Amino acid sequence: MQNIEPILSKPELSRDDIVRLLSADDDASMDLLRQKASGILLENCGPEVYFRGLIEFSNICLNDCDYCGIRRGNTKVKRFQLTKDEIVSTALWCAEHGYGSVVLQSGERRDPEFVDFVEDCVGKIKQCSRSERLPNGLGITLCVGEQTEETYRRFLAAGAHRYLLRIETSSPRLYARIHPESQRIETRIERLRMLNKIGFQVGTGVMIGLPGQAAEDLADDILFFRNMDIDMIGMGPFIPHSDTPLGQTAIAGGYDKDAVFRLALRMIAVTRLVLKDVNIASTTALQAIHPEGRELGLQYGANVIMPMATPPNVRHDYLLYEGKPCLDESAEQCSSCLRRRIESIGRTVALNRWGDSRHFSRLK
Ligand code: SAH
């Protein structure tokens, strides 16, 4: 065991420092890291936790990512797409329950019908969600993959103002190993730059605990977030899905859930130490491998939670990984359970607010 205190008291962390913090797996170091990350979070972002209602509106996907349960090649999946009315009414439910923002997420499609559909949903949600409590309507984040610049501009004009596009891993070697050849890391990076230039608040993130991923790769991921001037981070543990090639490899190699979970918490904490004023989500995947995963994520420096708002009848068909929590709870149950969990760790739920990243408001 090494003493990480001298590293934690440095004003700037080097790549080597980051690697050491990410590797400090003993309980005492984890405690120190948690305290430091909480302090930096409170100082730079305050105690508020922002809710984004997550609406997973379709699992139809062109891509064939080796890790993802809804990859095109998984023929066991029953494909669905919610209707516009279902999406809008789910978003309005979120607004009525005090969530200031929603995230529309789906598998990846680029055909004109899909683009029109998303644009229309965004416009309708904006229009219908304006109220005294939310004079500018719901904040809308899109997470619908790689699109053309024109499409991104249309989505922005329709009223979406944040976009999430995970890089998955910033290592070109690892990226190539977990994606088919047609999916290129260069394209993802170029799209992130495009989203930034157009004026979106841009989020990205990675999976933690991928087979063959070293602490050095994760350190480079954090430096990538910084170099790309990212506003929001959504990252979580990689969780094997047995109907995917990478899931099968991981299971055969002895996937160590607890080790991956602890590494994911350290990754959140160290990202907070380096990036200070960005929004970091405590993702559902954390809770899938630990019953208190999301609360712990908040204690290690995260300040955003994405309660599942997807209608329960299709949740079972949006399984990116196995063991996804809350599949049978109503959105109502999810919301009140989360509030209790957040208050239990001494943080406040920020209702009826967009909760933009301070990094974005400060610098642009
Ligand atoms: N099509 C959209 C949304 C992808 S799903 C897009 O490309 O942006 C959202 C995220 O789920 C992915 O970016 C990936 O990081 C994560 N994910 C997929 N499979 C996973 C798995 N097995 N374990 C953990 N996270 C996974």
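## Residue classes

Ala, Val, Leu, Ile, Met, Phe, Trp, Tyr, Cys and Pro count as nonpolar. Asp, Glu, Lys and Arg count as charged, and the others, Gly among them, as polar. By these classes, the lining of the second largest cavity has eight nonpolar, three polar and one charged residues.

The model is predicted.

## Second largest cavity

This cavity has a volume of about 120 Å³. Which residues line the second largest cavity? The lining consists of Arg52, Val103, Thr141, Leu164, Met232, Ile233, Gly234, Asn279, Ile280, Ala281, Val304 and Met306.

The class counts can be traced by name. Arg52 is in the lining, and Arg counts as charged. Thr141, Gly234 and Asn279 line the cavity too; the lining has three polar residues.

## Largest cavity

Probing for empty space has a simple basis: a probe the size of a water molecule, rolled over the atoms, shows where space is left. The structure holds three cavities of 30 Å³ or more. About 870 Å³ lies in the largest cavity. Its lining runs to 43 residues. Which of them lie nearest the centre of the largest cavity? They are Gln105, Cys143, Arg166, Glu168 and Leu320.

By class, the lining of the largest cavity divides into 21 nonpolar, 13 polar and nine charged residues. Four elements each supply at least two lining residues: β1 (48-58), β2 (101-106), β7 (232-237) and α12 (284-289). The largest share comes from β7, with three residues.

## Fold and packing

The protein chain has 16 helices and 10 strands. Along its principal axes, the C-alpha trace spans about 55 × 45 × 40 Å. With 364 residues, a compact globule would have a radius of gyration near 21 Å; the chain has 19 Å, so the two agree.

How much of the chain is buried? Of the 364 residues, 59% count as buried, where buried means under 20% relative accessible area. The chain exposes about 14500 Å². Carbon and sulfur atoms supply 50% of that area.

Among contacts between residues at least 6 apart in sequence, 75% join residues at least 24 apart.

Notes: Residues are numbered from 1 along each chain as its sequence is written. This is a predicted model: local features need pLDDT of at least 70, side-chain atom pairs count only at pLDDT 80 or more; totals for chains, interfaces and linings use all residues. Side-chain values use heavy atoms; hydrogens and water are left out. On a 1 Å grid over the protein atoms alone, a cavity is a set of points where a 1.4 Å probe fits but cannot get out, and a pocket is an open set with protein on both sides within 12 Å along at least five of seven lines; lining residues have an atom within 4 Å of a point. Grid points are joined across faces, edges and corners, and a volume is the space filled by probe spheres set on the points. The radius of gyration is taken over C-alpha atoms; the globule rule is 2.2 Å times the number of residues to the power 0.38. Buried means under 20% relative accessible area, exposed over 50%, partly exposed in between (1.4 Å probe, protein chains only). Contact means heavy atoms within 4.5 Å. Accessible areas come from the Shrake-Rupley method with a 1.4 Å probe; for residues, only the protein chains shown count as cover.
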